[in-house]
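Student: I am new to this structure and would like to work through it by question and answer. May we begin?

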Amino acid sequence: MIEHICELSLKRENKFTFLKPLTFKIVWTTWCGISKYTPKCSFYMDNTATMVAEKIRHTGSKYWWIIHPFSYARHVLYIFYFSSYNKTYIVLFLIKRIHRFMWDTLMMAIFFIAFFTIPFMICFVIMDYEIIGLDIVNIPIYVICWIDIMLNCVTGYYDKKTMSIELKPIKIFIFYLKGFLMPDVLSSFPFDHMTLRWRRLPGNNPHYIVTLINIMPLMKLTRYYTFHSNLYYLFTHFKIKSFYFELYSTLLLGLYFIFWCSCLCYSIPILLMYFVNIPPIECEDCWMMKLEDNSLKFRFNNAAFIVLENILSSGYGIFVPETDIPIIFNSILMIIGRIIVCYILVIHLYQKLCIIKYFFFGLSNMLLCLSVMFLHIKAERKSSELKFQELTVQIKAYARQKQLLPHMKKRLLAYYHYRFKNAFFRTKRILSDLTEPLREEIALQSCRRLIENTAIFKNLPRNILQSIVKHLKFELYLPNDVIIKAGTQGDCMFFLSSGTVAVLTPTGKEVSFLKYSILDLRLYIAKKKFTLCYFEMCHLTDGAHFGEVALLVADQRRVASVVSIEVCELYRLDRKDFRNCIAVHSELFARIERIATERIEKTVRAEEQHKRFLMRPVREPNLHHISTKV
């Protein structure tokens, strides 16, 4: 497949808008506006047209100072390019397509460290039973977390219900308040320094409230979901296989779990001393009092050894528990260990569950049965994802058996990825059991985005709209796919739901479609000498339709070719359905006929200009003049 190269001059936004007058708003909107090169933008913005519309909305609104969640402010890479000219090296400070995650990746690294340092310092240093210790390791982490809190208060978010970016400060604050605002604030204070004058050792009447306040930074562990999400975006952005992400995240979660349980194993007896107000010598549950070495390293090693022994059910550790609290804690660890083993077994044998039934004896085997039931329910919830993975394996086997080239194999996988969105389902089988009114309502809702973006569908009666949507057939095209070829017989028209396509004449001349944004119009009326956000649309984008020329005239062939620039979601309307749905509505038919006539004239005019350009005489060089110069 030959890659489409745009021949038209595109005036894109300048990454460094050094235009006069240079204002703070221009610089801020350049760095804090949406960018299609950020990793999260590809998840929520389907195509370039949607991204451009969002940029215009953000820049023209009164909340332009709000940081966009898909902006350079959170995802930036500074790349140095060196070029030599007369042995002089020039450093070009540019931004290119390869980005590193600036703030989100920094916070991911901070969370990665904090999940180790905060539990360790609280359990082994702040809650020590011999001396009153202070945590100086996590002070820089708390400072960065406060900066993150302030940035989150002025950063928009993606609303999954409305499928749009929310930029209102009040709604941003309420959304953050319902989420992680309180855990972030309460876990970002150095409470050990703030409560130093009220802190006391166990056996010396310590305050319960002070003890609880000092362990509040452990609420930072609730941010593991954010850490896991950013890690997923990181792996997806660099196109690393999901298998490696699952492997890495599972191993990392297991490491965190063992580390946190080790800290909990050490802190439970100490918290008992604080709340019961007994000195360390009189504590019967304190296994650390029996250790010969009191160093932090030796204490942590023994706590980790106890946790691993109980999880693997190979022993109780160095000391056998004698009281209720250690026995309960060890029993919970053993149960968790059995569940982990069952999980591993079922993951590898979930297709052969009949083999496991011979092990259902006793308490441990009852836990195994419960684990199998739980994982079976989980597998049913993700059955569509599992079917898609099986389909992917079949596609790879098919490509290998047919000896397809690597690029063709990638295109096949890309098609199924964009077609099913990592979840395989059968549309005809689902719709076959539904009633006709329900099918029409589902078709109308699924084409909601197309109806909102297509200008000719606006103000149409509901019955005409339902009749059109009912006969639309979904199609998906990858980049550089030829949707319509000039000269072929036309039997259908297309409505572009999302994506970008280029229109070419039979000789290959690209046809332009110039549009100015609302923001450009306002700046032009205000007679400004600079343009804040200028876009020249040389392609058809969301809401466009094409191919209607061949349907208006009988035996008419295609007058132009249409090539997809990016992944395009289209709806096809065949000739017979076109006559039944659109031809009966005189106003809609006249509107489409007028648009088709204008396009025919523009295509013919561009074709004639291109032919004259190809047939122009080539000026031969003057050899005598050249020889004289030599």
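Student: How many of the 24 residues of α4 are buried?

Tutor: In this predicted model, a residue is buried when its relative accessible area is under 20%. Helix α4 is mostly covered by that criterion. The number of its residues that are buried is 17.

Student: What distance does helix α4 span between its end C-alpha atoms?

Tutor: Helix α4 comprises residues 103-126, and a straight helix of 24 residues would span 34 Å at 1.5 Å a residue. Helix α4 has a kink of about 35°, centred on Ala114. Between its end C-alpha atoms, helix α4 spans only 30 Å.

Student: Is Thr236 buried, partly exposed or exposed?

Tutor: Thr236 belongs to helix α10, which covers residues 224-237. Buried requires under 20% relative accessible area and exposed requires over 50%. Because the relative accessible area of Thr236 is 30%, this residue is partly exposed.

Student: How far apart in space are Thr236 and Lys40, C-alpha to C-alpha?

Tutor: In sequence, Thr236 and Lys40 are separated by 196 residues. In space, their C-alpha to C-alpha distance is 9.6 Å.

Student: Which residue lies over the face of Phe420?

Tutor: For a charge to sit over a ring, CZ of Arg must be within 6 Å of the ring centre. At 5.2 Å from the ring centre of Phe420 lies Arg419.

Student: What is the average pLDDT of the protein?

Tutor: A pLDDT of at least 70 is reached by 77% of the residues. Over residues 8-20, however, the pLDDT is below 50. Residues 76-100 also stay under 50. For the protein, the average pLDDT is 76.

Definitions and conventions. Residues are numbered from 1 along each chain as its sequence is written. This is a predicted model: local features need pLDDT of at least 70, side-chain atom pairs count only at pLDDT 80 or more; totals for chains, interfaces and linings use all residues. Side-chain values use heavy atoms; hydrogens and water are left out. A charge sits over a ring if NZ of Lys or CZ of Arg is within 6 Å of the ring centre and within 35 degrees of the ring normal. pLDDT is the predictor's confidence in each residue, from 0 to 100. Contact means heavy atoms within 4.5 Å. Helices (H or I, at least four residues) and strands (E, at least two) are DSSP runs, numbered from the N terminus. Buried means under 20% relative accessible area, exposed over 50%, partly exposed in between (1.4 Å probe, protein chains only). The expected span of a helix is 1.5 Å times one less than its number of residues. The bend at a residue is the angle between axes fitted to the seven residues ending there and the seven starting there.
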